[in-house]
Amino acid sequence: MKTQHTATLDADTRRRLVQAATDARQHAYVPYSHYPVGAAILTASGNIYDGCNVEIASYGATVCGERTAAFKAVSEGERDFLAVAVVTSNGATPCGICRQVLYEFGPQMHVIALDTEGNVQWEGPLDELLPHGFGPKKLAEGQEAAQE
Ligand code: ZN
């Protein structure tokens, strides 16, 4: 079990996080995929930031729910993510781009992927979804090595 990760989430916080993701999903703008996603991120300050996916007719401009939540948090001064809940029809885990963005601010964060019935389809640490991830720490190490 991943007790070191779940320990940061008491039952009430977990319930609020999942509810925020579920509610955010209602705002998804998905005229092309018809695949609404709701996400909610818990930060070290105890705040929860939610987000939904927003699709654009020029598809490349589309943003996922997880990144919407992440950028809302960062734009409010948050830099330390503890957990994310993601709600989709089938409980899918975050896509590769979102894994990378989440890793930037929470390489140890806890991920909960739920379906719309509230069933957990996947749960665990982000580094299981993005093993050997590249983040700020690796970049700094590489820069130091280059200066030697
Ligand atoms: Zn994504």
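**Fold and nonpolar cores of a predicted model**

There are six helices and five strands in the protein, taken as DSSP runs (H or I of at least four residues for helices, E of at least two for strands) that are numbered from the N terminus. What we have is a predicted model, in which local features need pLDDT of at least 70 and side-chain atom pairs count only at pLDDT 80 or more, while totals for chains, interfaces and linings use all residues. Residues are numbered from 1 along each chain as its sequence is written, and side-chain values use heavy atoms, with hydrogens and water left out.

Read from the N terminus, the order of elements is α-α-β-β-α-β-α-β-β-α-α. Along the principal axes, the C-alpha trace spans about 50 × 40 × 25 Å. Of the contacts with a separation of 6 or more, 61% join residues 24 or more positions apart, where contact means heavy atoms within 4.5 Å.

Let me turn to the interior. Of the 148 residues, 43% count as buried, that is, under 20% relative accessible area with a 1.4 Å probe, protein chains only. A nonpolar core here is a set of buried Ala, Val, Leu, Ile, Met, Phe, Trp, Tyr and Cys residues joined through side-chain atoms within 4.5 Å. The largest one has 20 residues, and Ile41, Phe81, Val84, Leu102, Met109 and Leu126 touch the most other members. Two or more residues come from each of strand S1 (38-43), helix H3 (65-75), strand S3 (81-88), helix H4 (96-105) and helix H5 (126-129). Apart from this core lies another, of 12 residues, including Ala20, Ala21, Ala40 and Ala83.

Methods
Buried means under 20% relative accessible area, exposed over 50%, partly exposed in between (1.4 Å probe, protein chains only).
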